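Let's take a friendly walk through this protein, from its overall fold to its charged pairs. Have the sequence and the 3D view ready as you read.

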Amino acid sequence: MRLFLGVLLGLTGLLCIGNLAASASPYSSQTGSMASSQAVQSLERKLNHIQQNGALPKPDPTPTQITETEANAYLASGRAHLPAGVQSVRLQGEPGVITANCRVDFDQFKAGQHNSNPIFSGVHDVVVVTHAHGAGHQGFVQVDSVSLDGMEIPHFALELFVEKYIQPRYPGIGLDSQFALPDKIDTATVGNHELTVTQK
């Protein structure tokens, strides 16, 4: 979960994670709501398993798979505590890569901080592409690109934004982040629409 949150926090304000285009569904809204609720419950069971397994002296090394559907349902449920100003968060995974897209109110996110950069103000659709993985009980997140309303932001502008607005709140988080994984998580591998976690 720290890798998942690390990606979120590391991208905050940059911060979004994958606004997948909503495809037309043949199911009723009631059926869709039920499926979403089941996905949230499934993720909660998996997160509880990871936590309980990590508390054992020797965790079961059987991999735990978290699907993109489960993660996105959980984010949409309101149970994830996102930073102020971060909205409509969704994730999309492919091997080694997380593409993210959400809606961010930068004024709300930066409340109480002086803003001298008009680019990072107002409400914008943000798309972030990162390489992310976990190995040797460490999580690694590298931000490849960030765009606001379809326009890619120069790397130097991202560095300034992270330094001024993100790192004071989340020390150690940057465009390239490394952090300890909790619950004896040894590896975390992003695949096609899923995240596979092993513990030992």
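## Surface and burial

Accessible areas here come from the Shrake-Rupley method with a 1.4 Å probe. On that basis, the accessible surface of the protein comes to about 10,200 Å², and carbon and sulfur atoms account for 54% of that surface. Please keep in mind that this is a predicted model.

How much of the protein is buried? Of its 200 residues, 44% are buried.

## Fold and contacts

The protein has five helices and nine strands. If you trace the chain along the sequence, the elements come in the order α-α-β-α-β-β-α-β-β-β-α-β-β-β.

Contacts across the sequence are part of the picture too. Take the contacts between residues at least 6 apart in sequence: 64% of them join residues at least 24 apart.

## Salt bridges

Side chains of opposite charge can pair when their charged atoms come close. How many salt bridges does a search of the whole structure find? The search gives three, and each is worth a visit in your viewer.

## A link between two helices

Start with Glu 70 and Lys 46, which form a salt bridge with their closest N and O atoms 2.9 Å apart. Glu 70 sits in helix α3 (residues 68-76) and Lys 46 in helix α2 (residues 29-54), so to speak two distant parts of the chain, 24 residues apart.

Is Glu 70 buried or exposed? Glu 70 counts as buried because its relative accessible area is 7%, and the cut-off for buried is under 20%.

## A link between two strands

Next comes the salt bridge between Asp 125 and Arg 103, where the closest N and O atoms are 2.9 Å apart. Asp 125 belongs to strand β4 (residues 123-135) and Arg 103 to strand β3 (residues 97-105), so the pair ties together parts that lie 22 residues apart in sequence.

Both partners are partly exposed: Asp 125 has a relative accessible area of 34%, and Arg 103 has one of 33%.

Finally, look at Asp 186 and Lys 200, a salt bridge whose closest N and O atoms are 3.7 Å apart. This pair links distant parts of the chain, 14 residues apart: Asp 186 is in strand β8 (residues 185-191), while Lys 200 is in the segment after β9 (194-199).

The two ends of this bridge have their own surroundings. Asp 186 is buried, with a relative accessible area of 11%, whereas Lys 200 is exposed, at 58% relative accessibility.

Note on methods. Residues are numbered from 1 along each chain as its sequence is written. This is a predicted model: local features need pLDDT of at least 70, side-chain atom pairs count only at pLDDT 80 or more; totals for chains, interfaces and linings use all residues. Side-chain values use heavy atoms; hydrogens and water are left out. Helices (H or I, at least four residues) and strands (E, at least two) are DSSP runs, numbered from the N terminus. Buried means under 20% relative accessible area, exposed over 50%, partly exposed in between (1.4 Å probe, protein chains only). Contact means heavy atoms within 4.5 Å. A salt bridge is a side-chain nitrogen of Lys or Arg within 4 Å of a carboxyl oxygen of Asp or Glu.
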